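Come along as I look things up one at a time.

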Amino acid sequence: MQRFSVPSPSSYRLNPITSMATRSGSLIWFRKGLRVHDNPALEFASKGSEIMYPVFVIDPHYMESDPSAFSPGSSRAGVNRIRFLLESLKDLDSSLKKLGSRLLVLKGEPGEVLFRCLQEWKVKRLCFEYDTDPYYQALDVQVKDYASSTGVEVFSPVSHTLFNPADIIEKNGGKPPLSYQSFLKIAGEPSCAKSELVMSYFSLPPIGDVGNLGISEVPSLEELGYRDDEQADWTPFRGGESEALKRLTKSISDKAWVANFEKPKGDPSAFLKPATTVMSPYLKFGCISSRYFYQCLQNIYKDVKKHTSPPVSLLGQLLWREFFYTTAFGTPNFDKMKGNRICKQIPWNEDHAMLAAWRDGKTGYPWIDAIMVQLLKWGWMHHLARHCVACFLTRGDLFIHWEQGRDVFERLLIDSDWAINNGNWMWLSCSSFFYQYNRIYSPISFGKKYDPDGKYIRHFLPVLKDMPKQYIYEPWTAPLSVQTKAKCIVGKDYPKPMVLHDSASKECKRKMGEAYALNKKMDGKVDEEDLRDLRRKLEKDEHEESKTRNQRPKLK
Ligand code: FAD
């Protein structure tokens, strides 16, 4: 087998895998890692096997339409992400077919389906990419137990990330580093920085007899129970490894852009040509290898005289991903406030109506609503746009629990990623990692800095398309004659702002201050009762204050 260290995309050529001619078959179980290039599980499964079964299991719980969900999709995923996944599977199937193989798609509870496959096909080698998500951690224990009891060899390499989170935690004395800088220091350079990656194959072992297990081709959205007209505006990002490699090549073709990349300096309102790479959905599903991405960036840095560095550089963004994977892996209950030792205990409000208004893009703040509509329609928004809506929902304006915002993102994002999403929600809500709760994004002036004409708002909220630019961020301040001319009456065609930002954010800061003081006093050991007491006190204070203050903005 010939390996390549970062070939130019035009030179993906490999020698065939040399068969060691054992008669045993292998099974490669695709979950993430939906790619041929730099896929050590695939490499191992194909090596020395006469036959190979490439399997993907459709879990109906994850994929089947749920008409009761708040937007088209299943209970766990919006239809954009399901479509992105199906496109990625189709592309993988087509790549495998070119190499003399194909993707075998089965339906059902993944563990059960896999056990049946192993039994029926009598394979002796099972290969799948290691996955740190709790769902796969639990499933993989069952699968490995089953395999060892039936004499099946398991190969489960770490290839979704640059580092093995467990190694970093071990190097750090058993705990994950909790700051990016300490993470960098402990992590050092990933071993993949210099390793040669297998980018393609001349051929793969053929499929064996598949028996009677209900194998199908990759289903269409319609076959999964979705209608074509279910969503009017689809994400412009197409799934799949081919698309991912094209996108990466294009994104990094401008070496000066890569060298000068500096986050958070990009424009969050740029949507026709986003200010960042939009590689996240491809990284999420493993359509692109993060190690290949890393090597490509390293090569560019070698070629240019000067370049930015972590945390702001493009390579630094990949390391943010590693940072969150490591903290998530090493922190019990990372996806909850309760029982999560790195998360501040805060008495967030429960308010379903407010949560639904935020989720549906109906807060009355066009900048916030446009971002939420981009999420609903595209499943992707710029990082700073995510900052703004997450801050607004939690510590900025509505004081609603970050877990509820996380759930909405988790379902709708095409790049929805357990470790990164939870980590960033804790960050933005000042529950962990970042603690400057007095720094709040203005839902009015922040977006205006980048897009004074409001092009982004006009695109995602066409109801405001004719609103003059001086009112586009605050349409409730427009005289009625202007609203009439713009065919958008606030309160009728577009909602009034649900809170007054100035007073709501002041109130949030006060609550955060009290919650932080409690966490400090209790040395982080705040229990349910402490939180209940604080909530009661905050409600009482708020009630007193609201007697003297009118909560609603003055509308013209
Ligand atoms: P680029 O800037 O081009 O960066 C390249 C890659 O680096 C990204 O694709 C991503 O894999 C990684 N990266 C960039 N920023 C971050 C970050 N802050 N943390 C971790 N990795 C990062 N990203 C997800 O991939 N999935 C999520 O579910 C997710 N949820 C988020 C929730 C909130 C509240 C916030 C504030 C951010 C979230 N992010 C999430 C992080 C970030 O916004 C996206 O990764 C980024 O915007 C994706 O765009 P890009 O690929 O163009 O990024």
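**Entry 1**

I started with K122, which I found in the loop between α4 and β4. The model is a predicted one, so I treat each value here as computed from that prediction.

Next I turned to K487, in the loop between α20 (480-485) and α21 (501-521). This residue is not a glycine, yet its phi is positive, at about 55 degrees. I checked the accessibility too: K487 has a relative accessible area of 60% and is exposed.

**Entry 1: a tyrosine in that loop**

While I was there, I looked at Y494, which is also found in the loop between α20 and α21. Is Y494 buried or exposed? The relative accessibility is 3%, and anything under 20% is buried, so Y494 counts as buried. I wanted to know what Y494 touches once neighbours within four places in sequence are left aside. The list includes G364, Y365, P366 and D369, and it goes on to L461, V463, L464 and P475. C488 and I489 are in contact with Y494 as well. I also noted K362: it is 132 residues from Y494 along the chain, but their C-alpha atoms are separated by 7.8 Å.

**Entry 2: helix α5**

Then I went to α5, which covers residues 134-149. Does the span of α5 agree or disagree with its 16 residues? At 1.5 Å a residue I should expect 22 Å, and the end C-alpha atoms are 23 Å apart, so the two agree. I wrote down the buried residues of α5: Y136, L139, D140, V143, Y146 and A147. What covers them? Among the elements I found are β1 (25-30) and α4 (110-121), along with β4 (125-127) and β5 (153-155). After α5 comes G151, with a positive phi near 75 degrees.

D140 lies in helix α5, and with 4% relative accessibility it counts as buried. Beyond its neighbours within four places in sequence, D140 is in contact with W29, R31, F128 and D131.

Not counting residues up to four places away, K144 touches F128, V154 and S156. I looked up L126 as well: it sits 18 residues from K144 along the chain, and the C-alpha atoms of the two are separated by 9.3 Å.

**Entry 3: a serine in α3**

S95 has its place in helix α3 (residues 79-98). At 16% relative accessibility, S95 counts as buried. Leaving aside the neighbours within four places in sequence, I found S95 in contact with V36 and E241.

**Entry 4: cis peptide bonds**

Most peptide bonds are trans. A cis bond joins K263 and P264, with omega about 20 degrees. P264 lies in the loop between α9 (255-260) and α10 (280-284). Another cis bond joins P310 and P311, where omega is about 10 degrees. I placed P311 in the loop between α11 (290-303) and α12 (314-329).

**Entry 5: stepping back to the whole chain**

How many helices and strands does the chain have? I count on the assignment here: 22 helices and five strands. The radius of gyration is 25 Å, close to the 24 Å that the globule rule gives for 556 residues, so the chain is as compact as a globular protein of that length. The C-alpha atoms fill a box of roughly 85 × 55 × 55 Å along the principal axes.

Buried residues make up 57% of the 556 residues. Of the contacts with a separation of 6 or more, 78% are between residues 24 or more positions apart. The accessible surface comes to about 23,900 Å², and 53% of it belongs to carbon and sulfur atoms. Last, I looked at charge: there are 78 positive and 67 negative charges, and their mean positions are 5 Å apart.

Definitions and conventions
Residues numbered from 1 in each chain as written. Predicted model: local features only at pLDDT ≥ 70, side-chain atom pairs only at ≥ 80, totals over all residues. Heavy atoms only, no water. Helix = DSSP H or I, 4+ residues; strand = E, 2+ residues; numbered from the N terminus. Rg over C-alpha atoms; globule rule 2.2 N^0.38 Å. Buried < 20%, exposed > 50% of the residue type's maximum accessible area, 1.4 Å probe, protein only. Contact = heavy atoms within 4.5 Å. Areas by Shrake-Rupley, 256 points an atom, 1.4 Å probe, with all protein chains shown as cover. Lys, Arg positive; Asp, Glu negative; His and termini not counted. Charge placed at Lys NZ, Arg CZ, Asp CG, Glu CD. Expected span 1.5 Å × (residues − 1).
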